[in-house]
Amino acid sequence: MRKIDRLARREPLDSAKLESQIRRLACPLRASEDLDVLMDQIGNSRFVLLGEASHGTSEYYSWRAQISRRLIKERAFCFIAVEGDWPDCYRVNRFVKGFPDAGDRVRDVLHAFTRWPTWMWANHEIIELAEWLRRHNDQQPRERKVGFFGLDVYSLWESLYAILGYLQRAHPAALPAAWQALRCFEPYGEDIQEYARATRFVPNSCEDEVVALLRKLRENATSFPGDRQESHFAAEQNALVLQNAEAYYRAMIGGGPESWNIRDHHMTETLERLMKHHGENAKGIVWEHNTHIGDARFTDMADQGQFNVGQLVREAHGRDAVLVGFGSYEGSVIAGNEWEAPMERMRVPAARKGSWEDVLHRAGAGDKLLLFTGADPTDEMLQPRGHRAIGVVYHPEYEQFGNYVPTVLPRRYDAFLFLDKTHALHPLHEVTPHQEGEVPETYPSGV
């Protein structure tokens, strides 16, 4: 594997050969039937990871939904797992499976996504997918209903409250362990960053309490029918979130790659737990940012000591995993100009000259699907180039100075969907107009 210079900011400009190779490799991408070649490549693989180059682009959601619907209908995939919080996504899971008291309108369920950035899952594109999943599941027996789950690690307090609610209903004898964890965090008033800062100067932390709670839940892991079985699995997962969130926030204060690695290890562990929960023939779909699903070894992330979900799944499952990246040349996006700022509809300028997106655009008009598995990449294809990555914090006017990850595209992904012009996602909440003049971000933020 070649080393990638993480400081490289300028792509090679002589790309005529590369453009010609891309034209020979690319398949047109216009409608669902154009995905047939991707479905053939996926074959019997059990893990399909679908990326996105931003968290606020409509077409990334709609194409991932098309791929997911086909995988569910044609290849019997069991669940979709997304870059979202477990408690909020579990409410969507209950809705799409038609569980009792799960709600009758998915719009109401999605309004429960209150953690910033709310637009990632509280949007009209997810409404359409969730309603399709509900209709599909209504025709399936209980054991074949397709789920919707969150992989992320942020929801420390929400997961703790969910555990308390579950134990009050199902396992009152285990409540003392949960109360012990609650009392440990309580002095910080739900400000988890204040807790993390405090642990830098005081050796005491809540690590022992959350580990004890997870152990207690696992001791009580008995077999329940139907909804009750999944409810216990959800409670145990919330305890795992609690344990890893506590470690994540402490690591985040210290800086360096550790917090990123804790988060992606947690997401991979959650994915493996979901596969085990769904049985030996389980198949899972993952929706996350390219930065999580594209193999980190073929970017500058590896030079910084970071790994990610795509790398870990590939290392564990080899050809049983298919990594699909996404990118676009220009358009619009939903993002914020700083963390927890109001969401805005922003312009995405034409891609930086010499980047992968620029080369793909110049290789011919129209959207494209590139399949890399089985292909024989040339030296030009294996040359690292910038690959755009837009986070939830974005400054389009300073894009030329950041937002590009040096990438060997045919090695980072097994397939790539290139969309020449894309449009902003359609959030459920109000969007504010974009204001110019923000301070620049020099690297993808909030992915």
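The stops below go from model confidence to the cores, then to a helix, a strand and some charged pairs.

**Before you start**

This is a predicted model, in which local features need pLDDT of at least 70 and side-chain atom pairs count only at pLDDT 80 or more, while totals for chains, interfaces and linings use all residues. Residues are numbered from 1 along each chain as its sequence is written, and side-chain values use heavy atoms, with hydrogens and water left out.

**Stop 1: colour by confidence**

Colour the chain by pLDDT, which is the predictor's confidence in each residue, from 0 to 100. The protein chain averages 89, and 91% of the residues score at least 70. Now select residues 1–8, where pLDDT stays under 50 and the model has 20 contacts beyond four places in sequence; a contact means heavy atoms within 4.5 Å. Residues 434–445 also have a pLDDT below 50, and this stretch has 36 contacts beyond near neighbours in sequence. Where pLDDT is low, the predicted coordinates should not be read in detail.

**Stop 2: the nonpolar cores**

A nonpolar core is a set of buried Ala, Val, Leu, Ile, Met, Phe, Trp, Tyr and Cys residues joined through side-chain atoms within 4.5 Å. Buried means under 20% relative accessible area, exposed means over 50%, and partly exposed lies in between, using a 1.4 Å probe and protein chains only. Select Leu-38, Ile-80, Leu-110, Trp-121, Leu-133, Phe-148 and Trp-287, which have the most contacts inside the largest core, a set of 56 residues. Helix H3 (residues 58–75) gives the most to this core, with 7 residues. Helices (H or I, at least four residues) and strands (E, at least two) are DSSP runs, numbered from the N terminus.

Stay with Leu-38 for a moment: leaving aside residues up to four places away in sequence, Leu-38 touches Ile-67, Val-324, Leu-369, Leu-371 and Ala-415.

**Stop 3: Ser-58 in helix H3**

Select Ser-58, which is found in helix H3 and counts as buried at 11% relative accessibility.

**Stop 4: helix H4**

How many of the 11 residues of H4 are buried? The number is 10, so H4 is largely enclosed by the rest of the structure. One of the residues in helix H4 (residues 86–96) is Asn-93, which is buried, with a relative accessible area of 0%. Not counting residues up to four places away in sequence, Asn-93 touches Gly-147, Phe-148, Phe-149 and Glu-230. After H4 comes Gly-98, whose phi is positive, near 70 degrees.

**Stop 5: strand S11**

Select strand S11 (residues 415–422), which is largely enclosed by the rest of the structure because 7 of its 8 residues are buried. Two strands pair if DSSP finds at least two bridges between them. Strand S6 (residues 321–335) and S11 run parallel and are joined by 7 bridges, and here Val-324 stands opposite Ala-415. Strand S8 (residues 368–371) pairs with S11 in the antiparallel sense over 4 bridges, and Leu-370 has Phe-416 as its bridge partner in S11.

**Stop 6: salt bridges**

The structure holds 23 salt bridges, each being a side-chain nitrogen of Lys or Arg within 4 Å of a carboxyl oxygen of Asp or Glu. Select Asp-152 and Arg-263, whose closest N and O atoms are 2.8 Å apart in a salt bridge. Asp-152 lies in the loop between strand S4 (147–150) and helix H7 (156–170) and Arg-263 in helix H12 (residues 258–277), so the pair ties together parts that are 111 residues apart in sequence. Both Asp-152 and Arg-263 are buried.

Next, select Asp-414 and Arg-314, which form a salt bridge with closest N and O atoms 3.2 Å apart. Asp-295, Arg-297, Arg-314, Glu-315 and Asp-414 are linked in a network of salt bridges.
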